[in-house]
Amino acid sequence: MDDELLTPDEVAARLKATPRFVRRLVAERRIAFVKVGRLVRFEASAVAAYIDSNRVVPMTRAHLRNYLGEVA
C-alpha cells in the first residue's frame with residue numbers, strides 16, 4: 001500500500017478549505033474515506049479523485065449555445 005493516509009486537517013489544507021467542510025464531505029459521503037477505529041482518514045488518491053470529479057472545464061460560446069439549445 002503506497003498510498004499515504006491523511007488526516008482531515010491535512011485534507012482541508014490540500015483543499016484550502018476548513019476542517020468543517022471536510023467533515024461535511026464525509027457526512028454526505030461525497031469523498032471516499034477509511035475508518036481506522038474511530039478515526040477518519042483519507043487516501044491521497046481519494047482526495048485527488050474528489051478534486052478531479054468536481055473539476056469544471058470552461059465552455060466555448062459555441063458549446064454553450066449548443067447546450068442551451070438542447071436544454072430549451
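This briefing describes an annotated domain and the salt bridges of one protein structure. The structure is a predicted model. A search of the whole structure finds three salt bridges. Side chains of opposite charge can pair when their charged atoms come close.

**The annotated domain**

- The unreviewed UniProt entry places the feature "domain: Helix-turn-helix" at residues 5-55.

**The network around glutamate 28**

- Arg24, Glu28 and Arg30 are joined in a network of salt bridges.
- Glutamate 28 pairs with arginine 24 through their side chains, with an N to O distance of 3.6 Å.
- Glutamate 28 also forms a salt bridge with arginine 30, where the closest N and O atoms are 2.9 Å apart.
- Glutamate 28 has a relative accessible area of 41%, so this residue is classed as partly exposed.
- Arginine 24 is likewise partly exposed, at 42% relative accessible area.
- Arginine 30 is partly exposed as well, with a value of 39% for relative accessible area.

**The pair of arginine 55 and aspartate 52**

- A salt bridge links arginine 55 to aspartate 52, and the closest N and O atoms are 2.8 Å apart.
- Arginine 55 counts as exposed because its relative accessible area is 53%, and the cut-off for exposed is over 50%.
- Aspartate 52 is partly exposed, with a relative accessible area of 48%.

Methods: Residues numbered from 1 in each chain as written. Predicted model: local features only at pLDDT ≥ 70, side-chain atom pairs only at ≥ 80, totals over all residues. Heavy atoms only, no water. UniProt positions renumbered as here; feature names shortened; annotations may be inferred. Salt bridge = Lys/Arg side-chain N within 4 Å of Asp/Glu carboxyl O. Buried < 20%, exposed > 50% of the residue type's maximum accessible area, 1.4 Å probe, protein only.
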